[in-house]
Structure formats: C-alpha cells, structure tokens
Amino acid sequence: REWCFALPKVELHAHLNGSVRNSTLLELAKQLGDKGVIVFEDVMDVIMKNGRSLPECFKLFDLFHILTTDHDTVTRITKEVVEDFAAENVIYLEIRTTPKNNEAKGMTKRSYMNAVVKGLKQVEAVDVALFDSNFRTNETLNSQPAIELDGDKKKKKIYVRLLLSIDRRETTSAALDTVNLAMEMKDQGVIGIDLSGNPVVGEWETYLPALQHAKELGIPITIHCGEVANKKEIQAVLDFCPQRLGHVCCLNDIEWKKLKSLMIPVEICLTSNVMTGGAPSLELHHFADLYNARHPLSLCTDDCGLFSTSLSNEYYLVATTFGLSKSELFQLAQDAVQFVFADDVVKKSLKQMFKHADKSLV
Ligand code: 5GP
C-alpha cells in the first residue's frame with residue numbers, strides 16, 4: 001500500500017462533486033440541517049453508507065449538489081480535492097465538473113467555473129501548475145510549472161487541468177453552452193469536454209451537435225461509454241471516436257473488437273464499476289482483458305469520495321487482484337502520461353518526473 005501511495009500517478013477521470021471529502025459533506029450537511037433546509041440525520045446516513053448501486057449514486061449526486069452548489073463551497077471543494085490528490089502523489093490531475101446554472105444562487109455556468117478556478121488558486125499545500133503552450137499562454141497559479149521545480153523538495157507539485165462535463169439531462173443548447181464555455185476558458189486550465197450523467201437518461205442525438213462542435217473546435221473529448229448495455233449508443237460513441245473513453249463495461253464481442261482496433265484509451269475505474277454493478281467483481285473486471293491485449297488504459301478513481309477509494313488504492317487493487325509486479329505498476333502509471341489532454345511540454349515534464357522518481361520505486 002505504501003509503495004502505491006509513493007508511486008507518482010496520473011488521474012484522468014475524477015468528478016469534482018464525487019471526490020469531496022466525507023468530512024466536508026458532513027460539515028456542509030450540518031450547516032444546512034441547522035438552517036432547516038435538510039434533515040441532517042437522514043443525510044448523514046446516506047453519506048456514510050457503503051454500498052452504492054448506479055441509481056443510488058445519481059440520487060446521491062442530487063443531494064451532493066444541494067450541499068455544494070454555491071460559489072464559496074465550489075471554491076472550497078476544488079481546493080480540497082486538489083490537495084487530497086496531491087497528498088497521495090498524483091502529479092497530473094484532470095478534474096471534470098458540470099458547469100451549473102442555478103438562478104436561486106445567482107449562479108451561471110461561467111460563474112460556477114470561475115469559482116472552480118478560484119479554488120485552484122487557493123491551493124496552498126502544493127504548487128499547482130496551470131500552464132499550456134497549446135494556447136500560447138504561460139499562466140501558473142501560485143507557482144511555476146513542475147518542470148522548473150525539479151529538485152525542490154519543500155512543496156509537492158501537481159499539474160491540474162479541467163474538463164467540462166455535459167450532463168445527459170441537458171438540452172442540446174445547454175450542452176453547446178458548455179462547449180463554448182470550454183473554448184472561452186481555454187487559457188484558464190480548461191482543456192477538454194466530457195459526457196457524463198445518468199446513463200439511462202437522455203439520447204445520444206441530443207449531445208451529438210455539441211460534441212461535434214467541440215471536435216470542430218479541436219477540443220479533446222472523453223465520453224462515458226457502456227456503463228449499461230445500450231448497443232445503439234455504444235456503436236455511435238465508437239463511431240464518433242473520441243480521444244478517450246470512460247468505463248466501457250457492457251460491451252458485446254463485436255464492440256470489444258471494434259474498441260481494440262480503434263485503440264481508444266480507456267479510463268479504468270475498478271472500484272466504481274464493481275460497486276455500481278458495471279463489472280461482476282474485481283477478478284472478472286475487464287481491466288485484465290484490456291491489459292493483456294496491451295490496450296491503452298489508465299487507472300482512475302471516478303468518484304473517490306462517493307466510493308471511498310483513492311488512486312493509490314486502485315493501483316493496490318490491481319496489484320493484489322491481477323498480480324502485477326512493481327515494475328509493471330510503475331509502467332502502467334507512466335504510460336498514462338501518453339493519454340493526458342495537456343500538450344507535449346507538459347507530457348515531457350511528466351515523463352521527467354517519472355524518470356527522476358525515487359529509484360526504489362522502479
Ligand atoms: P460534478 O460534475 O457535479 O462535479 O460531479 C458529479 C456529476 O458527475 C454527477 O452528477 C454525474 O453527472 C457525473 N458522474 C459522476 N460519476 C459518474 C459515473 O460514474 N457515471 C456517470 N455517467 N456520470 C457520473
């Protein structure tokens with residue numbers, strides 16, 4: 001476990017509101033309980049419960065959003081989520097979140113995202129590097145990019161990028177707003193688009209114009225795919241050929257074959273998939289098949305708060321379930337660098353960080 005903790009890691013699939021600390025959720029629930037907005041005891045039971053089916057997860061997200069959706073709280077949870085990932089030696093983090101309009105709170109998608117960016121600026125425990133030469137900007141928050149900090153042992157450093165999620169409940173026009181916002185905020189760390197939300201809700205055709213628009217603008221895209229069996233949509237997603245896919249649990253033989261021939265990198269979320277029933281067990285998780293086929297993949301947490309996991313734990317699970325050696329785990333972590341949405345300068349820096357990792361890890 002300690003070894004997996006010390007390993008430098010790349011996290012590509014982490015939902016902001018699914019990664020909030022339980023202690024923070026409880027504190028927020030207590031405050032809203034005191035104001036009479038919710039019944040604290042009911043909410044506490046739900047937050048502390050362990051088993052989570054897929055429909056339960058989406059009910060929980062509605063609850064989390066009641067707790068977290070005001071500007072100051074969004075800023076707070078962003079700061080905490082970055083600090084938590086950095087504390088377990090994540091050196092590159094893509095946080096995805098759904099920009100939200102909330103009239104009652106005076107919140108627009110833009111002001112929500114401004115609150116997220118403010119949270120990145122408030123991180124103190126680690127150096128956050130937001131820097132992307134793709135967009136010809138050279139902005140760093142708090143500090144400089146990690147590559148210039150090599151040798152500085154005082155503070156950990158982490159690259160952070162933001163992906164804007166389209167929620168499957170949204171209309172075409174709302175989805176297009178999110179894509180346009182991503183373009184507007186490309187110099188503030190926003191680097192891609194995600195399609196997520198309850199997989200039994202909504203139609204592919206609703207989001208397709210927005211995803212197509214993102215593709216035309218050259219914005220990298222990742223899509224939640226095959227969380228439930230949905231032949232028509234899985235086919236359409238594979239035909240769309242995004243830069244990455246999340247989950248890919250419920251594919252049939254023809255779809256597996258197609259995925260493998262397309263070589264689309266997969267964000268693997270072991271604990272999430274087992275808890276929500278996307279995979280029958282850890283042992284029977286499709287990680288093994290994809291890994292053995294040398295398919296590009298990266299281990300991710302999905303919602304480390306909701307599923308009480310961490311990226312270190314996901315590596316540990318792979319080691320204990322599938323018997324990967326330390327050098328294979330190191331290689332797996334390092335290979336994820338190829339699939340980040342950040343530019344080549346960042347990739348080069350990350351490769352250096354792996355190269356200079358503690359020799360005892362290799
Ligand atoms: P947020 O976007 O509000 O920061 O993070 C929570 C949201 O992420 C949820 O409301 C949901 O739309 C999406 N999400 C989180 N985990 C999952 C998952 O496992 N599958 C899917 N499809 N969506 C998820």
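The shell around the ligand consists of 3 nonpolar, 10 polar and 4 charged residues. In this count, Ala, Val, Leu, Ile, Met, Phe, Trp, Tyr, Cys and Pro are nonpolar, Asp, Glu, Lys and Arg are charged, and the others, Gly among them, are polar. The ligand is surrounded by 17 residues, and the closest are Leu16, Asn17, Phe61, Thr97 and Thr98.

The model is predicted: local features need pLDDT of at least 70, side-chain atom pairs count only at pLDDT 80 or more, and totals for chains, interfaces and linings use all residues. Residues are numbered from 1 along each chain as its sequence is written.

**The nonpolar core**

The largest nonpolar core holds 96 residues, and Val82, Leu93 and Ile158 have the most contacts inside it. Strand S4 (residues 156-167) supplies the largest share of this core, 7 residues. Such a core is a set of buried Ala, Val, Leu, Ile, Met, Phe, Trp, Tyr and Cys residues joined through C-beta atoms within 7 Å. A residue is buried if 20 or more other C-beta atoms lie within 10 Å of its own, exposed if 12 or fewer, and partly exposed in between, with C-beta atoms placed from the backbone. Helices (H or I, at least four residues) and strands (E, at least two) are DSSP runs, numbered from the N terminus.

Which residues does Ile158 touch, not counting residues up to four places away in sequence? They are Val82, Phe85, Ala86, Val90, Ile91, Leu93, Val126 and Val128. Two residues are in contact if their C-beta atoms, placed from the backbone, lie within 7 Å.

**The strands**

Strand S2 (residues 90-97) is largely enclosed by the rest of the structure, because 8 of its 8 residues are buried. Strand S1 is likewise largely enclosed, because 7 of its 7 residues are buried. Two strands pair if DSSP finds at least two bridges between them. The pairings are set out below.

| Strands | Sense | Bridges |
|---|---|---|
| S1 (residues 9-15) and S2 | parallel | 5 bridges |
| S2 and S4 | parallel | 6 bridges |
| S5 and S6 | parallel | 3 bridges |

Val10 stands opposite Tyr92 in S2, and the bridge partner of His15 in S2 is Arg96. For Thr97, the bridge partner in S4 is Leu164. Thr97 is also one of the residues closest to the ligand.

Strand S6 (residues 221-225) is mostly covered, with 5 of its 5 residues buried. In a regular strand the side chains alternate between the two faces of the sheet. In S6, Ile221, Ile223 and Cys225 point one way, whereas Thr222 and His224 point the other way. Leu195 stands opposite Ile223 in S6.

**Two helices**

Helix H7 (residues 172-184) has 13 residues and reaches 18 Å from its first C-alpha to its last, close to the 18 Å expected at 1.5 Å a residue. The expected span of a helix is 1.5 Å times one less than its number of residues. Within H7, Ala175, Asp177, Thr178, Val179 and Ala182 are buried. The buried residues of H7 pack against helix H6 (109-122), S4, strand S5 (190-196) and helix H8 (204-217).

Helix H13 (residues 311-322) has 12 residues, which should span 16 Å at 1.5 Å a residue; its end C-alpha atoms are 16 Å apart, in agreement. Its buried residues are Leu311, Ser312, Asn313, Glu314, Tyr315 and Val318. Just after H13, Gly323 takes a positive phi of about 70°.

**Positive phi in the loops**

Most residues other than glycine have a negative phi. Arg294, although not a glycine, has a positive phi of about 55°. Arg294 lies in the loop between helix H12 (287-292) and strand S9 (297-299). Why does Arg294 count as exposed? Arg294 counts as exposed because it has 10 C-beta neighbours inside 10 Å.

Ser308, also a residue other than glycine, has a positive phi near 45°. Ser308 is placed in the loop between S9 and H13. Because it has 14 C-beta neighbours inside 10 Å, Ser308 counts as partly exposed.

**Cys57**

Cys57 belongs to helix H4 (residues 54-68). With 18 other C-beta atoms within 10 Å, Cys57 is partly exposed. Leaving aside neighbours within four places in sequence, Cys57 is in contact with Arg52, Thr276 and Leu306. Cys57 and Asp303 are 246 residues apart in sequence, and their C-alpha atoms are 10.0 Å apart in space.

Technical notes. Near = placed C-beta within 6 Å.
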